[in-house]
Amino acid sequence: MVNNANQEAKTSFSVKLRALEAEKKRLNKQIQFITENAAATLSEKIQIANELERRNQELETLAGIVQAIIQLQTPDKVMELTANKMPKLLGTEDIGIFTWHEKTEELTLSCTNKSIDKNLAKQVVTRKLGQGLVGMVAKSRQPFGTSNVSNLSTVDSLPTEVAGVKGFAAVPMVTNEKLLGVLVASSPDPWECTPHRMDLLSTLGNLVATSLENAKLYQEGQDQLKRQRIIYKLSSIINSSLYLNEVYDNFASTLCELVKVDRAAVGLIDETQKRVNYVALYPPIDPLRDMGESFPLNESGTYWVISRRKSLYQADLAIEMLLKIDQVMYEHGIRSVLRLPLISKDVAFGCLIISSKQPQAYNQGDREMLEELAGRMAMAISNNLVYEVVSKRRNELESAFSESLRMWIQRWES
């Protein structure tokens, strides 16, 4: 997919570069005609020469931006380079890139070519779809430009005039019919939004959209590789010892590299007492529970997951509380809780509890990955429990044998 995105970017912008080259040839022919025409005035020659020089600069700048952006592999770098190079190309002062976030349904100002005044930043830092000029461009997916925003009325009940901004132009950044954001050019003075400038801005908007998508795919690939390495490391930690308490701190701290974890615990069921014993905690000192502490089984989150044999995810305790313990966790700052049943050989015997102070901390991919890790942990703990039972039985047999041998020797000596 990354290669396809690269190819699409190169094809799209090679067409634009060829058009600029054709324009350059046309201007050269005009210069030659005027030079050969004795009747041509000096002002005409100067005008054509200046136009040619301007187009040459545009061509060189655009070609440099195209080549540089296509090679970049992180979204931040793509936006930074675009914001810094575009003013020269467009003859404006300020460039801003708003990125679209589907989760919050907001446009956020992610990059500019200069530091923004704090008061101005408060006015423009976020936009809803359809809100203001930026939101309008995002919603309509159509370019928009004006030489002076003071001449406009409101958009979606929001004043279009922003302190320090007169000239304004914006284009949507869209790829594969997916909105990625809005590219904005503005000026403190009235700025002529010529068709040529709007065309350049649209060209760059398409370029940035394609490059951002490309960079995003690359970043996702890198994140996936990192995730696989950490999962392999976690699996190795789980299987490195028969005793959970010896490896749990290492397991939990490594897990923090993968997802947000503020607290984690492992609770195992004591069937005879109908209680849950907490055999591992992270961090070791936890205001919610102590190592080795037990709670009635029917009052615990562990009972909920083992009775249903499925995970329980509460994305935000401020909104959703199902268990008695939830209120206590919320009072200690916990917002997201994921409880995972520990099941091995079709026997449910405990629960892995992971929580974060951040709401919506675990997405679908995180939960699926953590369920897989819980399955591996369950198998390791199950083997440990079997080992302890066997060891206990062996010790009992050895003690019984020793006692029988002692009694036999006593009778023999008597």
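Colleague: Among contacts in the protein chain between residues at least 6 apart in sequence, what percentage join residues at least 24 apart?

Modeller: Please bear in mind that this is a predicted model. The percentage is 57%, for contacts between residues at least 6 apart in sequence. The protein chain itself has 10 helices and 12 strands.

Colleague: Which residues have the most contacts inside the largest nonpolar core?

Modeller: A nonpolar core is built from buried nonpolar residues whose side-chain atoms lie within 4.5 Å of one another. The largest one here has 30 residues, and those with the most contacts inside it are Leu255, Val266, Leu342, Leu352, Ile354, Tyr362 and Leu370. At least two residues of this core come from each of α6 (195–238), α7 (244–255), β7 (263–270), β11 (336–344), β12 (347–356) and α10 (364–413). Helix α10 gives the largest share, seven residues.

Colleague: Which residues does Tyr362 touch, leaving aside those up to four places away in sequence?

Modeller: With those sequence neighbours left out, Tyr362 touches Val259, Lys260, Val261, Tyr313, Ser336, Leu338, Ile354, Ser355, Ser356, Arg367 and Leu370. There is also a second, separate core of 27 residues, which includes Ala83, Ile97, Leu180 and Ala209.

Colleague: How many salt bridges does the structure hold, and which residue pairs with Asp346?

Modeller: A salt bridge requires a side-chain nitrogen of Lys or Arg within 4 Å of a carboxyl oxygen of Asp or Glu. The structure holds five salt bridges. In one of them Asp346 pairs with Arg309, with the closest N and O atoms 3.0 Å apart. This pair links distant parts of the chain, 37 residues apart: Asp346 is in the loop between β11 and β12, and Arg309 is in the loop between α8 and β10. Asp346 is exposed, at a relative accessible area of 63%, while Arg309 counts as partly exposed at 38%.

Colleague: Are Asp326 and Arg339 buried or exposed?

Modeller: Both Asp326 and Arg339 are buried. Their side chains meet in a salt bridge at 3.4 Å, N to O.

Colleague: Where do Glu372 and Arg376 lie, and how many residues apart are they?

Modeller: Both lie in helix α10, four residues apart, which is about one turn of the helix. Glu372 and Arg376 form a salt bridge in which the closest N and O atoms are 2.4 Å apart. Glu372 counts as partly exposed at 39% relative accessibility, and Arg376 is partly exposed at 33%.

Colleague: Which residues are joined by a cis peptide bond?

Modeller: Most residues other than glycine have a negative phi, and most peptide bonds are trans. A cis peptide bond joins Tyr282 and Pro283 here, with omega about -10°. Pro283 is placed in the loop between β8 and β9 (294–296).

Colleague: What is the phi of Glu105, and where is Glu105 placed?

Modeller: Glu105 has a positive phi of about 55°, although it is not a glycine. Its place is in the loop between β1 (94–101) and β2 (106–112), and Glu105 is exposed, with a relative accessible area of 52%. Arg309, which comes just after α8, also takes a positive phi of about 55°. As noted for its salt bridge with Asp346, Arg309 is partly exposed.

Definitions and conventions. Residues are numbered from 1 along each chain as its sequence is written. This is a predicted model: local features need pLDDT of at least 70, side-chain atom pairs count only at pLDDT 80 or more; totals for chains, interfaces and linings use all residues. Side-chain values use heavy atoms; hydrogens and water are left out. Contact means heavy atoms within 4.5 Å. Buried means under 20% relative accessible area, exposed over 50%, partly exposed in between (1.4 Å probe, protein chains only).
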